[in-house]
Amino acid sequence: MLPFTCILVICILGPFSSFGRAAFSLSLPHQHPHPESVVHDVQRRLNVSISRRQALSVSQKDQCLTGNPIDDCWRCDPNWYNNRQRLADCSIGFGQGTLGGKGGRVYTVVDSSDNDVANPKPGTLRHAVIQDEPLWIIFSTNMVIKLKHELIFNSFKTVDGRGVTVHVTGNGCITLQYVSHVIIHNIHVHHCKPSGNADIASSPTHVGWRGRSDGDGISIFSSQKIWIDHCALSYCTDGLIDAIMGSTGITISNNYFSHHNEVMLLGHDDRHLADSGMQVTIAFNHFGEALVQRMPRCRLGYIHVVNNDFTAWEMYAIGGSANPTINSQGNRYTAPVDPNAKEVTKRVDTDEREWASWNWRTEGDLMVNGAYFVPSGADVSPQYAKASSIQPKSAAFIQQLTFTAGVFGESSEETGSYTYPGYTGDTVPSGTGTTTTGSSGPTDDGNFFGMIFGSGAAPSPTPPALTSMASTFLSLLIILILYSITNQGALPPLLSLLLL
């Protein structure tokens, strides 16, 4: 009884100590033990793509290569549609290795209806995504799929909207719950509304009662190895993308976000320690017009925000609580006109004495129209000291890396201004003004990623020794008290000998 009681008390008090947080630091499947190595791998891949483009002639550059390592991985093949599954080899960051339906058969959606959510009709998207086998799902023609209720995925699925225009909208939208290896590519997701209180199929053999959903565009719940790429998301009731409850191994890339309040939530709540293992890469996205906040809003975890274009925001761009690690590299932040909303960052409901030790770093981020990022954490890390500041051509790189964000075949402007029924809001003006960069440093023409990133990074903070010792002492003291209570006031034998 005593060991169980001690463990129970420590688990209860764990969230209030660094000792408790450390105990959960490597608890999730697919969590990478060395997140910095994933960051450096993204850098390496970007270096290779940009340097390859730099070596080409002007005429060759216009044909294909952009320097975006994801797109350059497959788009230069003129017969890509005959080898669609090549896409699964192109992910980067924490979602690298997401298989989707690779190796499975191709399933062609020929019917846009969603009439029976408990017994989906063959040929519909719902029938495809619930199958137990790996599937690479494509579409026979342009479609608007208006969902009756949330679309619940099974594992090992790729939804590939290349070559056609596909809209997923309506009730519930996309739910990834307790699944792994899902790729969602090149579709529109918009106007998603809460729904539920219905029996919904989640596999060919399981139909279960579902409560009311939040109305997220894409909801990721206790899932791993998820890659969302080249989608356009807007106008949903809750978040455009939410990842919670211990989800990890996620890459969100090349998407266009617009017309929304709370864009992206990463982490369930401040006390859910499993989210400390969340690892998410947010790369090459365009955060476009009429966005307010949460790009993303993070709790716990390690979030790598790299080479995104933030057009504007109304409140803030990146927010967080409960000590998440935020690594912001080579992004362009364009502040709104409002003089009270120039700050990129926001620590949510947290005193500065607490967040001063959080590891939030900015490297080579391009600050436009008075935008500024408030970093925090430990001192400058030697591993980033060689990274030079943004040069004028670095801004061109950001434009170059994100100009295809959103659904292929549509420019960002077309994706952002697409007329969806039911919207009557105004757009957020993207201010213009002076441009500032990070700290200056030496230029290395052989390292194009270095030209994008500036110096001034901080390593992951090491918990102070005093705090660690205090947490350990507190845990031992609790065990001692429980032992004494359980044994009618008697002290442990070893402690009794020490006190004699």
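Biologist: How many aromatic pairs does a search of the whole structure find?

Modeller: The search finds ten aromatic pairs. The structure is a predicted model, in which local features need pLDDT of at least 70 and side-chain atom pairs count only at pLDDT 80 or more, while totals for chains, interfaces and linings use all residues. Residues are numbered from 1 along each chain as its sequence is written, and side-chain values use heavy atoms, with hydrogens and water left out.

Biologist: Why is the pair of Phe-94 and Tyr-302 called edge-to-face?

Modeller: Rings of Phe, Tyr and Trp (its six-membered ring) pair if their centres lie within 6.5 Å; planes under 30 degrees apart count as stacked, over 60 as edge-to-face and the rest as tilted. The centres of Phe-94 and Tyr-302 are 5.8 Å apart and their planes stand at 75°, so the pair is edge-to-face.

Biologist: What makes this pair a tie between separate parts of the sequence?

Modeller: Phe-94 lies in the loop between helix H5 (69-74) and strand S1 (105-109), and Tyr-302 lies in strand S24 (residues 302-306), so the pair ties together parts 208 residues apart in sequence. Helices (H or I, at least four residues) and strands (E, at least two) are DSSP runs, numbered from the N terminus. The protein chain has twelve helices and 32 strands.

Biologist: How do you know whether Phe-94 is buried or exposed?

Modeller: Buried means under 20% relative accessible area, exposed over 50%, and partly exposed in between (1.4 Å probe, protein chains only). Phe-94 has 4% relative accessibility and therefore counts as buried. Tyr-302, at 5%, is buried as well. Of the 500 residues of the protein chain, 57% count as buried.

Biologist: Why is Asn-323 called partly exposed, and what does Asn-323 touch?

Modeller: The relative accessible area of Asn-323 is 35%, so the residue is partly exposed. Asn-323 is placed in the loop between strand S26 (318-321) and strand S27 (325-329). Leaving aside residues up to four places away in sequence, Asn-323 touches Leu-300, Trp-358 and Asn-359, where contact means heavy atoms within 4.5 Å.

Biologist: What makes strand S13 largely enclosed?

Modeller: Six of the six residues of strand S13 (residues 224-229) are buried, so S13 is largely enclosed by the rest of the structure. Strand S8 (residues 180-185) is joined to S13 by five bridges, and the two run parallel; in that pairing, Ile-183 has Trp-227 as its bridge partner. Five bridges also join S13 to strand S16 (residues 248-253), again in parallel, with Asp-229 opposite Ser-253.

Biologist: How do you know that strands S10 and S11 pair, and in which sense?

Modeller: Two strands pair if DSSP finds at least two bridges between them. Strand S10 (residues 198-203) and strand S11 (residues 206-210) have five bridges and pair in the antiparallel sense. A hairpin joins S10 to S11 through two residues, and Ile-200 has Gly-208 as its bridge partner.

Biologist: Why are S4 and S29 called edge strands?

Modeller: Eight strands form an open sheet in the order S4-S7-S12-S15-S19-S23-S26-S29, with parallel pairing. Strand S4 (151-152) and strand S29 (345-347) are its edge strands, as each pairs on one side only. Within this order, strand S19 (residues 264-266) and strand S23 (residues 297-299) pair over two bridges.

Biologist: What makes the charged end of Arg-162 sit over the ring of Trp-74?

Modeller: A charge sits over a ring if NZ of Lys or CZ of Arg is within 6 Å of the ring centre and within 35 degrees of the ring normal. The charged end of Arg-162 sits over the ring of Trp-74, 4.4 Å from its centre. Arg-347 is placed likewise over Trp-355, at 4.2 Å.

Biologist: Which residues have the most contacts inside the largest nonpolar core?

Modeller: A nonpolar core is a set of buried Ala, Val, Leu, Ile, Met, Phe, Trp, Tyr and Cys residues joined through side-chain atoms within 4.5 Å. The largest has 67 residues, and those with the most contacts inside it are Leu-125, Ile-174, Leu-176, Ile-184, Phe-257 and Tyr-333. A second, separate core of 21 residues includes Cys-90, Ile-183, Phe-284 and Phe-408. Phe-284 has 0% relative accessibility and so counts as buried.
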